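Hello,

Here is the structure we talked about. Please open it first, then read my notes below.

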Amino acid sequence: MRYHVAHTTDYDYEAPVQTARHLLHLAPRDCAWQHVETHTLRIKPMPTSQADGEDAFGNPVHRIELAVPHEHLHVTSEVTLCVEPRPWHGGVEPQASWESVREALRYHARPVADATIDAQRMLFESPGVRVKRELEEYATPSFAPRRPLLDATRDLMERIHREFRYDPEATEVGTSVLEVLQKKHGVCQDFAHLMIGCLRSQGLAARYVSGYLRTDPPAGQPRLVGADASHAWVAVFFPQLGWIEFDPTNNCLADESHIVLGWGRDFGDVSPVRGVIQGGGEHTLEVGVTVTPLDDDAEAPAAAAPARKRR
């Protein structure tokens, strides 16, 4: 599948921002099944300085500085890319037990593969995913002795999908995983954090994947601008297979409908726009995402106003 993705971010401040520095995770990363063809970034006001590079996880990042007073910040990211079937497309046979994978990820005084070293960074709790006893207790029914890791992870994903309700009004960016576990309401970010915490509580490596999800409008209806949204899911490390991606919000393995922006320990590592400002006071935030398939049947998107939030 080829896509065009437009991601707009607008901040309106009640007072002028004197200076600001922002870190942008808005450029999708290239990987074995995803190839970025073009990417453009438009920022108003124009940054005083900009540096492009990669973060600690290999994700493309843009660091910008705004040294001019401004009451509005507009960022538009547009990308054209191709998404191919994942390596696990068509099914994966259950292999190693989850206990054997846990043992392989533990520290041993012997050389280990680079992929294992990379995975070991995702074993421990992070600022957005604390590993607590309650998460271990919730995960335990899925992790029966000697059960293949693939089966156990699928079961955990299915339970989260079945027992938790998608509710965009139930949580905020800073809502803790334990609060999500208690309320059993949340959004894709919450379900991804919850699943990651459960897996890490079992000694397994899991990382947060940030990106977009293709959604199809009703038959005969045009695709709406800004009607899509950022999405999040989970990748789990299998020593013999690499990283396999699970989407607990939709109870499926990631496929060509899942577009990867980047990955990290939790949302905080790959937040699309974050930074430090001087001044500004209260502000409103508008975010709009449009994912358009580039094929002969793709219809031109119609205008729609993005959601407005106050922070």
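Is Lys183 exposed, partly exposed or buried? Lys183 counts as partly exposed, at 43% relative accessibility. Buried means under 20% relative accessible area, exposed over 50%, and partly exposed in between (1.4 Å probe, protein chains only).

Some ground rules. This is a predicted model, where local features need pLDDT of at least 70, side-chain atom pairs count only at pLDDT 80 or more, and totals for chains, interfaces and linings use all residues. Residues are numbered from 1 along each chain as its sequence is written, and side-chain values use heavy atoms, with hydrogens and water left out.

Now the salt bridges (a side-chain nitrogen of Lys or Arg within 4 Å of a carboxyl oxygen of Asp or Glu). The whole structure has 16. One of them joins Arg2 to Glu37, at 2.8 Å from N to O. Arg2 sits in strand β1 (residues 2-24) and Glu37 in strand β2 (residues 34-44), so this pair ties together parts 35 residues apart in sequence. Strands are DSSP runs of E, at least two residues; helices are runs of H or I, at least four; both are numbered from the N terminus.

Lys183 also forms a salt bridge, with Glu179 (2.9 Å, N to O). Both lie in helix α5 (residues 177-183), four residues apart, about one turn of the helix. Glu179 is partly exposed, at 30%.

The core has 77 residues. Val5, Phe143, Leu199 and Phe246 touch the most other members. Helix α6 (residues 188-201) gives the most to this core, eight residues.

Best wishes

Key. A nonpolar core is a set of buried Ala, Val, Leu, Ile, Met, Phe, Trp, Tyr and Cys residues joined through side-chain atoms within 4.5 Å.
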